[in-house]
Structures are given as structure tokens and as C-alpha cells.
Amino acid sequence: MNEQSKGRLHRRTGAAMILWIMSVLLLCSAWLSASANAAEGGQAVTDLGCKTNATARKHLVNVAVATLWTEPGLARKLDAPSLTSPVDMNAWTKAMNTADKRRWLTGKTETQALYGQELRLLQVKGDWAYVAVVGQSTPKSSYGYPGWMPKAQMLTVNDASSYSNCSIAVLSDKTTTLYGEDRRTDLMELSFNTRLPITKRTDGWIGVHLPDDRTGWLKESAVKMIDPSKELPAPTAAEVIATGKRFLGLPYLWAGVSAYGFDCSGFTSTIYGFHGISLPRDASAQIKEGKAVSWNELKPGDLMFFAHKQGKGSVHHVSMYIGNGQMMHSPKAGKTVEIISINTPAYKTEFAGARRYIQ
């Protein structure tokens with residue numbers, strides 16, 4: 001064979017080798033993709049493409065439930081599970097196994113904020129941050145409800161607003177597991193009414209953007225989805241009441257706004273908020289919203305307010321009227337979310353008025 005023929009043979013052999021290598025790489029790529037897809041349940045994942053180029057620096061809650069205190073350093077030893085990152089809400093609430101242990105929180109904690117909720121950072125003192133919970137309306141601050149929380153439970157991000165066009169997953173189960181990218185790794189347990197932007201979908205699963213820029217996964221059955229471009233339909237009183245009844249038997253927790261415990265106004269503001277009706281955080285502010293209603297005009301879904309000095313003093317309690325002369329509320333430490341008669345003497349004598357938010 002002459003040199004020219006040898007050259008042509010070598011070129012053909014080299015070209016064939018390149019084609020073979022490319023075929024192997026393509027097969028490997030397809031195999032890896034199929035393997036990853038199988039690991040995620042065998043379903044194709046759809047990226048919803050709702051991220052925008054807009055960016056903003058924001059502070060977000062980076063634990064399932066952050067508890068805000070009136071000042072740093074008040075917590076007892078048994079409160080430790082609520083101060084860590086991650087938190088252990090089940091361990092904390094279980095440790096408060098007497099009315100006195102729960103009553104101790106009165107006046108020492110302010111409110112709570114849920115995972116992914118926006119905070120306004122107002123001050124830092126050592127390992128503590130003084131923040132306002134954006135979206136929790138209060139006369140105390142135009143920024144939101146203020147209080148102190150461990151700095152480790154807050155995360156500062158620079159592209160939070162990039163997901164403002166995404167639909168929102170609102171947790172409808174009382175609690176549910178947030179999973180990692182593989183949909184098997186347990187990241188944390190989330191509370192009812194936690195809200196996260198939806199960025200991906202696949203059969204039976206919702207992919208959500210997390211504060212630390214990862215994608216987490218929630219079972220579709222555990223959430224309701226809200227499109228920010230569409231107006232929410234007004235809820236019926238029956239829907240609001242049915243949601244509240246799901247928490248019957250849940251122990252009272254001062255400052256609570258989660259499925260691990262509510263105070264009286266945390267219960268009403270959370271239940272209404274889940275249905276798209278925003279109320280102020282505290283009963284003393286809730287009574288100033290909506291339409292005034294008298295005792296004889298009560299309809300299911302109305303909120304009833306109670307005040308010191310036979311109803312003439314400062315408002316200290318709120319309940320939800322559910323019809324048939326009954327109200328549902330989260331009363332006080334040592335008690336649970338319950339249904340009682342509106343004629344219960346301790347409450348009837350302190351009735352200060354009612355408000356209607358569902359027309």
C-alpha cells in the first residue's frame with residue numbers, strides 16, 4: 001500500500017473513531033438523564049420559566065417557624081429547640097407540657113414568622129436581629145410586626161424578587177415534609193400557610209424556590225396554588241370555618257401563628273389569611289377592620305371581640321362565630337382551639353362588638 005493510500009485509510013479510521021466516541025457520549029448522556037429521571041420518579045420535570053431578571057436584596061426566614069421575642073436573652077432552657085437553625089417545633093411544644101410553662105411566654109414573645117417569609121431588618125445586637133415581619137399588619141410599625149429573633153434563623157438573599165412572577169404554593173396541610181432535589185431527602189417539616197414560589201412541576205409534585213437558592217419539592221396534594229396575576233375568589237364563611245375546625249384540639253401558644261400553636265388573633269388572622277383575606281396581627285387592630293356587626297346581627301364567619309371592663313376597655317380576645325349560637329377560638333394557655341357557646345358568661349359579659357369581612 002502506498003503512502004497516499006495509507007493516509008486515506010488513517011483519515012477514514014480517525015473519522016470513524018470520532019463518530020464512535022460521539023455515539024458513546026450521546027448514549028451515556030441519555031442513560032444518565034434517564035437514570036436521573038428514574039431516580040426522581042420517572043416523570044419529566046417542567047421548568048416553568050417564571051424567574052425574571054429583576055433582583056433585590058431581601059431578608060427571609062430560613063427555618064420552619066421563627067419565634068420573635070420582646071428582647072434578646074429571655075428564653076428558658078426548654079425554649080432551646082425554638083432558637084436553633086433548624087428549629088424543632090415539635091420538641092419545643094412538647095416540652096411545654098403544663099399551662100404554667102406556656103403561660104410564661106405571655107408578654108415575652110411577640111409573634112412568629114414562617115419559612116420564606118420576608119423580614120425587614122431593623123437592628124442587630126450580637127447573635128440577635130430586631131426585625132419586622134412583612135405582611136403582618138400592626139400599628140406598632142409600618143414595616144410589619146416587630147420583634148427579636150436569632151440571627152441564625154434569617155438569610156439575606158440578593159435575587160428574591162426574581163420570583164415575583166411565579167405562582168405561589170400555599171401549604172394547605174397542617175404540616176408537611178419539604179423534600180430535596182431527589183424528592184426523597186427530608187429537608188424540614190413545614191407549617192400550614194407557608195408560602196413559596198413555584199418554579200417546577202412534575203406529576204404529583206411541586207418544585208419551589210427556597211431562600212438558599214435551592215429547589216425543594218412538595219407533594220401537590222399538600223398545597224393550593226395561587227396565580228399572582230389573577231384575583232382570588234372571595235371565600236365563603238363555610239370554607240373559612242371548615243379550615244378553622246381542622247385545628248380543633250391544638251394547644252394554645254402565645255404569639256403563635258402556625259400549626260404548632262395559635263394565640264387567639266394568630267388563629268383568626270392565619271385562617272382568614274389562608275383564604276386571601278388579610279387581617280391585622282392583633283385583636284385590638286382586627287376590630288378596626290371590616291364592617292361593624294351587633295350581637296343580634298351575627299352571621300357565620302364574623303369575628304367577635306372581647307374587652308376588659310365589661311366590654312368597654314381594651315380588647316384582649318377574639319373568636320370566630322360559626323352559627324347556632326357557637327364560637328370557635330384559641331382561648332388561653334392550658335386550653336386548646338375549641339367551640340363553645342357565645343353565651344358563656346365569662347365572654348358574653350365582655351363582648352365588645354363584632355366585625356364582618358366576608359360579604
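Visitor: In the hairpin of S12 and S13, which residue takes a positive phi?
Guide: This is a predicted model: local features need pLDDT of at least 70, side-chain atom pairs count only at pLDDT 80 or more, and totals for chains, interfaces and linings use all residues. Residues are numbered from 1 along each chain as its sequence is written, and side-chain values use heavy atoms, with hydrogens and water left out. Strands (DSSP E runs of at least two residues) and helices (H or I runs of at least four) are numbered from the N terminus. The hairpin has two residues between its strands, and the one with a positive phi, near 80°, is Gly204.

Visitor: Which residue of S13 is the bridge partner of Thr202?
Guide: Strands count as paired if DSSP finds at least two bridges between them. Strand S12 (residues 195-202) runs antiparallel to S13, with four bridges joining the two. For Thr202, the partner in S13 is Trp205.

Visitor: Which residues touch the most other members of the largest nonpolar core?
Guide: A nonpolar core is a set of buried Ala, Val, Leu, Ile, Met, Phe, Trp, Tyr and Cys residues joined through side-chain atoms within 4.5 Å. Contact means heavy atoms within 4.5 Å; leaving aside neighbours within four places in sequence, Leu178 has contacts that include Tyr115, Met188, Leu190, Val208 and Trp217. A second, separate core has 28 residues, among them Phe267, Leu279, Leu303 and Tyr357. In the largest core, of 38 residues, those touching the most other members are Leu119, Leu178, Leu190 and Val208.

Visitor: What are the edge strands of the open sheet?
Guide: Six strands make up this antiparallel sheet, in the order S18-S23-S19-S20-S21-S22. An edge strand pairs on one side only, which here applies to strand S18 (291-293) and strand S22 (338-341).

Visitor: Which residue of S20 does Leu303 stand opposite?
Guide: Strand S19 (residues 303-307) pairs with strand S20 (residues 315-323) in the antiparallel sense, over five bridges. Across from Leu303, the residue in S20 is Met320.

Visitor: What angle does the direction of helix H5 make with that of S20?
Guide: Axes are lines fitted to C-alpha atoms, for helices over the stretch in contact, and angles run from 0 to 180 degrees between N-to-C directions. Helix H4 (residues 237-245) lies across S20, strand S21 (326-329) and S22, at about 115° to S20. Helix H5 (residues 264-274) packs on the sheet and touches S19, S20 and S21, its angle to S20 being about 45°.

Visitor: Which residue with positive phi follows H5?
Guide: H5 is largely enclosed by the rest of the structure, because 11 of its 11 residues are buried. Among them are Cys264, Phe267, Ile271, Tyr272 and Phe274. The residue that follows the helix, with phi near 90°, is Gly276.

Visitor: How many residues apart in sequence are the parts that Lys51 and Asp159 tie together?
Guide: A salt bridge is a side-chain nitrogen of Lys or Arg within 4 Å of a carboxyl oxygen of Asp or Glu, and Lys51 and Asp159 form one at 3.9 Å. Lys51 lies in the loop between strand S1 (46-47) and strand S2 (58-61) and Asp159 in the loop between strand S8 (154-157) and strand S9 (168-171), so the separation in sequence is 108 residues.

Visitor: Is Asp79 buried or exposed?
Guide: The side chain of Asp79 meets that of Arg76 in a salt bridge of 2.9 Å. Arg76 is buried at 18% relative accessibility. Asp79, at 0%, counts as buried.

Visitor: How many salt bridges does a search of the whole structure find?
Guide: Arg214 and Asp212 form one, with closest N and O atoms 2.8 Å apart. Asp263, Arg281 and Asp282 are linked in a network. The search finds 11.

Key:
Buried means under 20% relative accessible area, exposed over 50%, partly exposed in between (1.4 Å probe, protein chains only).
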